[in-house]
Amino acid sequence: MGMSTEPSPATLLQLMWLASPALPVGGFSYSEVLEAAIDASLVSTEAEAADWLVQQLHLTQARSDMAAIAQALPAWQEGDMLRVEGLNDWVLFTRESRELRLQTEQMGRSLADWLRNQHLQDALRTGQVTQLAALSLQRPTYPVAFALATAFTGASVQHALLAYAFGWAENMVQAALKAVPLGQSAGQRILAQLAHEIPTAVAHAQALPDNARQAFSPMLAIHSARHEHQYSRLFRS
């Protein structure tokens with residue numbers, strides 16, 4: 001698979017913006033089961049947190065949400081709304097717990113609102129954001145919303161996935177710092193490990209056809225369901 005051309009400065013800045021934890025979509029308020037893993041004593045050290053997140057990157061993100069983004073971005077570019085709707089439905093139907101489904105719905109709606117505010121003077125883009133917000137009976141998911149956001153930047157699929165994965169990694173590392181807890185230096189070491197793994201995860205996501213995209217992570221699903229009823233929590237359920 002050949003490397004895509006470098007993004008323009010404007011595109012690169014937009015991707016950095018979308019990857020930023022400061023993007024007002026609420027990603028910082030979720031631990032994506034990490035908090036439940038800590039409560040169950042599966043994660044209690046820097047090494048265990050790093051291993052958990054690396055596995056989550058490859059086993060859930062690359063095979064599911066990142067693969068959906070890889071297919072939704074060109075669908076948005078081509079105006080193929082049947083394809084976009086199908087991918088959005090797939091994301092909704094494959095969430096393995098109520099908590100995970102509510103997260104993708106909330107973040108999808110928030111990103112749609114942000115995009116609408118960013119493109120108020122652009123009738124074409126406003127129309128696409130309206131289509132996004134109406135998906136699956138007004139339940140746009142975060143991967144499909146992110147795909148539209150990156151389509152607006154003109155980024156390649158590879159660069160869009162790199163931005164998405166690094167943004168996810170930063171949010172998860174911040175969750176680990178608060179919940180394990182860990183120090184800033186430990187967090188930077190974990191982020192370095194994730195950054196090393198992200199290109200491989202991106203390549204995997206890009207290569208997956210429809211029949212290989214999957215959401216099957218039983219341990220994650222079980223602990224997500226437990227987190228919904230966990231007595232003491234820092235993160236949203």
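Colleague: Where in the structure does Leu137 have its place?

Modeller: In this predicted model, Leu137 belongs to helix α6.

Colleague: Why is Leu137 called exposed?

Modeller: A residue counts as exposed when its relative accessible area is over 50%, and because the value for Leu137 is 78%, Leu137 falls in the exposed class.

Colleague: Is Ser136 buried or exposed, and how do you know?

Modeller: Ser136 also has its place in helix α6, but its relative accessible area is 5%. Since buried means under 20%, Ser136 is therefore called buried.

Colleague: How do you know whether α6 and α7 are roughly parallel or antiparallel to each other?

Modeller: Two packed helices are described by the angle between their axes and by the distance between those axes. For helix α6, residues 123-138, and helix α7, residues 142-153, the angle is about 170 degrees and the axes lie 10 Å apart. Angles over 145 degrees count as roughly antiparallel, and therefore α6 and α7 are roughly antiparallel to each other.

Colleague: Which residues in α6 meet which residues in α7?

Modeller: From α6 come Arg125, Gln128, Val129, Leu132 and Leu135, and on the side of α7 they meet Val144, Ala145, Leu148 and Phe152. Sorted by class, the residues of this contact of α6 with α7 are seven nonpolar, one polar and one charged.

Colleague: Where is Pro140 found, and why is Pro140 called buried?

Modeller: Pro140 is found in the loop between α6 and α7. The cut-off for buried is a relative accessible area under 20%, and because Pro140 has a value of 1%, Pro140 counts as buried.

Colleague: Which residues does Pro140 touch, leaving aside those up to four places away in sequence?

Modeller: Pro140 touches Asn88, Thr104, Glu105, Gly108, Arg109, Leu132, Ala133 and Leu135. Two of these, Leu132 and Leu135, are also among the α6 residues that meet α7.

Colleague: What makes Ala205 a buried residue?

Modeller: Ala205 is found in helix α9, residues 184-207, and its relative accessible area is 1%. Because that value is set against a limit of under 20% for buried residues, Ala205 is called buried. Apart from residues up to four places away in sequence, Ala205 touches Ala62, Met66, Ala67, Ala70 and Leu161.

Colleague: What kind of peptide bond joins Val180 and Pro181?

Modeller: Val180 and Pro181 are joined by a cis peptide bond, with omega at about -10 degrees. Pro181 has its place in the loop between α8 and α9.

Colleague: How many cavities of 30 Å³ or more does the structure hold?

Modeller: The structure holds two such cavities, and the largest cavity contains about 490 Å³ of space. The largest cavity is lined by 35 residues, and the closest to its centre are Glu32, Gln61, Asp65, Gln103 and Tyr164. By class, this lining has 18 nonpolar, 13 polar and four charged residues.

Colleague: What makes a space a pocket or a cavity?

Modeller: In a cavity a 1.4 Å probe fits but cannot get out, whereas a pocket is open. The largest pocket holds about 270 Å³ of space. Of the 14 residues that line the largest pocket, Trp52, Gln55, Gln56, Leu59 and Met219 are the closest to its centre.

Colleague: Which helix gives the largest share of the lining of the largest pocket?

Modeller: The largest share, seven residues, comes from α3. At least two residues of the lining are supplied by each of α3, residues 46-78, and α10, residues 218-227.

Colleague: What volume has the second largest pocket, and which residues line the second largest pocket?

Modeller: The volume of the second largest pocket is about 160 Å³, and the lining residues include Glu6, Pro7, Leu12, His159 and Phe166. The lining divides into eight nonpolar residues, one polar and one charged.

Key:
Residues numbered from 1 in each chain as written. Predicted model: local features only at pLDDT ≥ 70, side-chain atom pairs only at ≥ 80, totals over all residues. Heavy atoms only, no water. 1 Å grid on protein atoms, 1.4 Å probe; cavity = no way out; pocket = protein on both sides within 12 Å on 5 of 7 lines; lining within 4 Å. Points joined across faces, edges and corners; volume = space filled by probe spheres on them. Helix = DSSP H or I, 4+ residues; strand = E, 2+ residues; numbered from the N terminus. Nonpolar A, V, L, I, M, F, W, Y, C, P; charged D, E, K, R; others polar. Buried < 20%, exposed > 50% of the residue type's maximum accessible area, 1.4 Å probe, protein only. Contact = heavy atoms within 4.5 Å. Axes fitted to C-alpha atoms, helices over the stretch in contact; angles between N-to-C directions. Parallel < 35°, antiparallel > 145°, perpendicular 65-115°, else oblique.
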